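Subject: Structure handover

Hello,

Here is the structure I said I would pass on. My notes on it follow directly below.

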Amino acid sequence: GAAVFGALAASRPWTGGDYAWQTRLLDRRIAAIVTLTAWWLVVAALAPVYGNVMVVQVLDPLLVHAGWEDVAAWFRGRDGGFAASLLAIAAATAFVGLGMRRAAIVQRILVVTGLVTLVVVLGLLFASRPSEFRPTFDRQATEIYDAGPITYGQTLYLGTHDARITDVDPMDTLRLVPLVLLFALWIGWATPLAGEVRASKNRSIGQALVRTALVSTVLSLVLFVAIARGLHWEFWNEANNLYWGTVYQTTPT
């Protein structure tokens with residue numbers, strides 16, 4: 001997807017963005033209204049995806065570590081998930097409201113923060129061993145989540161229970177469509193920016209794409225090696241299977 005959209009942006013700098021297309025077909029003021037309305041619809045469709053990310057990766061860990069287990073439990077429920085979706089919409093709206101220049105500055109800060117965090121995680125994984133990880137995981141699970149001293153073993157056991165085709169509601173599969181669209185839209189929205197980069201710099205966008213693909217591929221491989229070294233693949237896979245089995249209620253309780 002990155003290669004295809006990047007090639008389009010290299011040949012047609014304004015290809016891909018709703019606002020870019022509409023401003024060339026319609027009056028700018030009408031185009032702004034049309035594209036803003038379309039953007040709201042997209043945000044509404046993807047709000048549950050963003051809301052789940054905010055609960056799982058931000059709110060729940062922070063609230064639990066702060067000792068506010070009751071608030072964290074509320075966010076895991078239906079009403080809390082809806083509230084998290086509204087928070088995600090508000091955050092996205094505020095980010096867009098910053099404007100292109102200020103938003104780009106914030107994006108750079110977030111990218112640097114993410115890279116530093118990734119380096120720290122890789123360091124922790126390479127510095128640990130599966131034999132050291134298991135007792136540490138059980139201890140932290142007991143201290144923070146009161147999950148019990150054999151959580152590691154229970155995760156491995158319950159994670160081996162795979163769902164049967166009759167256990168999965170077809171509607172659950174359809175709910176994955178917004179998640180797939182999310183990644184596709186990320187690439188599509190970035191295309192006009194790639195065209196602007198091409199127009200404002202002499203640097204070849206083809207070379208930039210090659211460098212980006214190379215760096216991301218190498219980092220992914222390094223992360224896989226770090227996971228195998230620090231956690232062991234069996235626990236990684238079974239933990240993922242148990243998580244989604246719990247979400248879709250296909251794991252026996």
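Helix α3 and helix α4 (residues 69-76) pack at an angle of about 160°, and their axes lie 7 Å apart. Axes here are lines fitted to C-alpha atoms, for helices over the stretch in contact, and angles run from 0 to 180 degrees between N-to-C directions. That angle makes α3 roughly antiparallel to α4; under 35 degrees counts as roughly parallel, over 145 as roughly antiparallel, 65 to 115 as roughly perpendicular and the rest as oblique. The two helices cross in a left-handed sense, where left-handed means that the near helix is turned anticlockwise from the far one by less than a right angle, and right-handed means clockwise. On the α3 side the contact uses Val55, Leu59, Asp60, Leu63 and Val64, and on the α4 side Glu69, Val71, Ala72, Phe75 and Arg76. Contact means heavy atoms within 4.5 Å. By class, this contact of α3 with α4 has 7 nonpolar, no polar and 3 charged residues. For these classes, Ala, Val, Leu, Ile, Met, Phe, Trp, Tyr, Cys and Pro count as nonpolar, Asp, Glu, Lys and Arg as charged, and the others, Gly among them, as polar.

Please note that this is a predicted model: local features need pLDDT of at least 70, side-chain atom pairs count only at pLDDT 80 or more, and totals for chains, interfaces and linings use all residues. Residues are numbered from 1 along each chain as its sequence is written, and side-chain values use heavy atoms, with hydrogens and water left out.

The chain as a whole

The protein chain has 12 helices and 0 strands. Helices (H or I, at least four residues) and strands (E, at least two) are DSSP runs, numbered from the N terminus. Of its 253 residues, 22% count as buried; buried means under 20% relative accessible area, exposed over 50%, and partly exposed in between (1.4 Å probe, protein chains only). Among contacts between residues at least 6 apart in sequence, 67% join residues at least 24 apart.

Other contacts of α3

Helix α3 (residues 28-65) also packs with helix α5 (residues 78-97), at an angle of about 115° and with the axes 7 Å apart. That makes α3 roughly perpendicular to α5, and the crossing is right-handed. From α3 the contact takes Trp39, Val43, Ala47, Pro48, Tyr50, Gly51, Met54, Val55 and Leu59, and from α5 it takes Ala84, Ser85, Leu87, Ala88, Ile89, Ala92, Thr93 and Val96. These residues of the contact of α3 with α5 divide into 14 nonpolar, 3 polar and no charged.

Pro178 is in helix α10 (residues 177-200). Pro178 touches Ala45, Leu46 and Val49, not counting residues up to four places away in sequence. Its C-alpha is 9.5 Å from that of Val42, although Pro178 and Val42 are 136 residues apart in sequence. Pro178 counts as partly exposed, at 23% relative accessibility.

Helix α8 (residues 151-159) packs with helix α12 (residues 233-247) at an angle of about 65°, with the axes 8 Å apart. That makes α8 roughly perpendicular to α12. The crossing of α8 and α12 is left-handed. Tyr152, Thr155, Leu156, Leu158 and Gly159 in α8 meet residues of α12 including Glu234, Phe235 and Leu242. The residues of the contact of α8 with α12 divide into 6 nonpolar, 3 polar and 2 charged.

Trp236 is also in α12, and is partly exposed with a relative accessible area of 34%. Trp236 touches Ile227 and Leu231, not counting residues up to four places away in sequence.

The largest nonpolar core has 9 residues: Leu122, Leu125, Phe133, Tyr152, Leu156, Ala226, Ile227, Leu231 and Phe235. A nonpolar core is a set of buried Ala, Val, Leu, Ile, Met, Phe, Trp, Tyr and Cys residues joined through side-chain atoms within 4.5 Å. The elements that give two or more residues to this core are α6 (100-127), α8 and α11 (205-230). Apart from this core lies another, of 8 residues, among them Val55, Val64, Ala72 and Ala84.

One backbone point: His232 has a phi near 90°, a positive value in a residue other than glycine. Most residues other than glycine have a negative phi. His232 sits in the loop between α11 and α12 and is partly exposed, with a relative accessible area of 40%.

Regards
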